Amino acid sequence: MKKINKTIVILLSLGTVWSSCSKYQSLEYAVEKPEKVLAQEDIDAYNPLKSYLDKQANPGFKLGVALNMNDYFNKGVLYRLVNRNFEEMVMGYEMKHSSIVQADGSLNLARVEQLITAAQENNMALYGHTLCWHSGQNATYLNKLIAPVVIPGSGGAALAGHALKMSNPSVVNAWEAQTAIDISPTEVGKEYILKIVARGSKAGNMGIDLQSTSNYTGDNMGSLALTTSYKEYELKVTVTAARNRFIINFGQYDGTIFIDKVVLTKTGSSASLIANSDFESNIDGWFGWGNNSSRAQSANGEGYGSPGGSTIEKTPAEKEAILSKAMETFIAGMLEKTKGYIKAWDVVNEPMADWPDQYALKTGIGKTDLADDEFYWQDYLGKDYAVKALQFARKYGNANDLLFINDYGLEGSGNKCKGLIAYVNYIESKGAKVDGIGTQMHIDINTSKDNIVTMFNLLAATGKLIKVSELDIGLGNGIKTSNATAEMYQKQADLYKFVVAKYLEIIPKDKQYGITIWSPLDSPDQESSFWRRGEPIGLWTEGFVRKPAYQAVAEALLTKN
């Protein structure tokens with residue numbers, strides 16, 4: 001045990017006043033440092049974690065950390081700790097759908113832009129998390145998109161006007177307020193001419209599409225610049241496929257629109273594909289959808305439905321088309337804003353079911369306790385929802401972006417890891433490329449080491465990039481910091497070292513994307529919103545003191561990287 005030499009100076013005073021004749025005596029003695037102090041000094045003597053990476057031997061490996069934007073923006077102790085010890089960071093929540101998508105479907109990316117600027121200043125890489133998940137979604141907005149349309153009752157009143165009336169209370173996406181009518185199929189490659197009379201309650205624009213109801217693709221005819229007086233318009237389009245629906249999109253117009261005398265003909269023919277061109281008796285041939293649109297009405301405002309009103313559900317195909325567009329809008333907006341700096345993404349997060357069939361996808365069907373931010377894309381888009389997400393990410397991002405699929409519990413004793421690998425194979429059979437697989441690893445000191453090795457072997461065999469994406473290790477059984485013992489902390493350190501060492505040993509070097517520490521500090525116990533609330537899961541204490549786990553990670557990186 002180390003000793004500290006101390007000198008005590010005793011000043012002996014003659015009288016009550018100090019004078020030049022004061023005398024002193026020096027006494028020396030030795031004090032042994034406590035083992036706990038010596039152990040902490042050893043831990044504190046280690047260099048910053050990222051200094052133990054052999055970037056020359058393994059240039060692709062990234063040591064990452066998760067945190068929230070404010071902790072980085074505030075430039076406090078955690079900001080300095082992150083910059084000193086890590087080379088990549090990921091936001092735990094603030095780049096997810098519910099943080100970005102607003103109530104009207106617009107994307108607020110101001111803080112993401114601020115984050116990119118802050119990261120650039122510190123040469124800190126950013127990892128994108130996440131583009132498609134069942135949690136952290138603006139579920140209110142998404143459910144609104146696919147909600148049934150409620151048609152107010154007419155109260156038995158007769159239809160009096162001859163113009164079609166459509167109202168939209170606020171500006172939304174153009175397709176979120178629509179009125180349509182099914183028509184005879186068009187001929188591929190032929191030109192069609194639309195003649196239409198319309199006016200609005202104010203100046204604005206509405207769009208016209210010809211659509212195929214089989215797959216909801218379409219040809220855009222253009223838009224009408226409405227005035228407050230009736231005006232005749234003419235639009236032309238050459239159709240690229242058989243179209244059997246005429247659609248008016250007016251989500252961008254917040255007011256009331258009246259249309260009349262709609263005639264849609266093939267060039268060279270006088271026969272209109274729209275039979276109720278004067279709306280006198282066939283106004284109920286029109287229908288509408290979209291959360292902001294009123295149903296088709298006569299010009300005097302009478303509803304066309306039954307006296308008691310009715311509700312029309314969107315078909316599964318309509319919901320799929322609407323949500324596919326919503327997914328594309330989010331992914332396109334995120335990647336177009338971030339692709340100048342972010343080169344890797346968790347595109348699909350936590351797709352696999354937990355039990356009983358771990359080869360199946362998660363589902364919200366039958367759940368009665370859905371959280372406010374819970375929305376299962378796969379319940380509407382089917383098994384190919386991840387195919388779509390990856391295709392959108394590839395389309396709107398950089399050509400060489402690394403696109404990951406990510407899940408938790410892969411180190412468990414079940415088939416979840418095999419199920420995820422099988423799903424990756426399915427996705428790629430549909431033509432979408434998956435660059436890497438992330439294993440979260442929210443584990444504790446009781447987790448089976450054999451299962452961890454099995455998982456790494458399964459993942460290594462895929463030939464994909466492998467990332468330990470959200471590593472944190474608790475003490476098991478929900479043990480809080482206040483009840484932790486030195487023995488528990490040592491077991492935690494041992495398991496941190498084991499995970500890092502086995503990853504570096506089993507995963508081929510050129511397939512090692514890296515390891516991200518999900519919680520650098522022990523979790524506070526003040527608020528229920530904290531991840532693994534009150535558990536000592538980090539490499540540092542809440543007070544920023546290095547733990548044995550810090551030393552363990554440093555040694556694993558130094559030995560094996």
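**Overall make-up and interior**

A: The secondary structure of the chain comes to 13 helices and 23 strands, where helices (H or I, at least four residues) and strands (E, at least two) are DSSP runs numbered from the N terminus. This is a predicted model, in which local features need pLDDT of at least 70 and side-chain atom pairs count only at pLDDT 80 or more, while totals for chains, interfaces and linings use all residues. Residues are numbered from 1 along each chain as its sequence is written, and side-chain values use heavy atoms, with hydrogens and water left out.

Q: What percentage of the 561 residues is buried?
A: Buried residues make up 50% of the 561 residues in the chain. Buried means under 20% relative accessible area, exposed means over 50%, and partly exposed lies in between (1.4 Å probe, protein chains only).

Q: And which residues touch the most other members of the largest nonpolar core?
A: Met89 and Phe456 do, in a core of 110 residues. The largest share of this core, 9 residues, comes from α7. A nonpolar core is a set of buried Ala, Val, Leu, Ile, Met, Phe, Trp, Tyr and Cys residues joined through side-chain atoms within 4.5 Å.

Q: What is phenylalanine 456 in contact with, leaving aside neighbours within four places in sequence?
A: Phenylalanine 456 is in contact with Thr439, Met441, Val468, Val499, Lys502, Tyr503, Ile506 and Ile507. Contact means heavy atoms within 4.5 Å.

Q: On to aromatics: how many aromatic pairs are found in the whole structure?
A: The search finds 12 aromatic pairs. Rings of Phe, Tyr and Trp (its six-membered ring) pair if their centres lie within 6.5 Å; planes under 30 degrees apart count as stacked, over 60 as edge-to-face and the rest as tilted.

Q: How are phenylalanine 404 and tyrosine 513 arranged?
A: They form an edge-to-face pair, 5.3 Å centre to centre with 70° between the planes. The pair links distant parts of the chain, with phenylalanine 404 in strand β19 and tyrosine 513 in strand β23 (residues 512–517), 109 residues apart. Phenylalanine 404 counts as buried because its relative accessibility is 0%, and tyrosine 513 counts as buried at 4%.

Q: What about phenylalanine 456 and tyrosine 503?
A: That pair is edge-to-face as well, at 5.9 Å centre to centre and 65° between the planes. Phenylalanine 456 lies in helix α11 (residues 449–460) and tyrosine 503 in helix α12 (residues 486–506), 47 residues apart. Phe61, Phe456 and Tyr503 form one aromatic cluster.

Q: Which ring does the charged end of lysine 383 sit over?
A: It sits over the ring of tyrosine 426, 4.1 Å from its centre. The rule requires NZ of Lys or CZ of Arg within 6 Å of the ring centre and within 35 degrees of the ring normal.

Q: Changing topic, what is the count of disulfides?
A: The count comes to 0 disulfides, a disulfide being a pair of cysteine sulfur atoms within 2.5 Å. Cysteine 132 is buried, with a relative accessible area of 1%.

Q: Lastly, how far does helix α9 reach?
A: Helix α9 (residues 385–396) has 12 residues and reaches 17 Å from its first C-alpha to its last, close to the 16 Å expected at 1.5 Å a residue. The expected span is 1.5 Å times one less than the number of residues.

Q: Which of its residues are buried?
A: In α9, Tyr385, Ala386, Val387, Ala389, Leu390, Phe392, Ala393 and Tyr396 are buried. The elements they pack against include β5 (125–132), α7 (316–338) and α10 (416–429).
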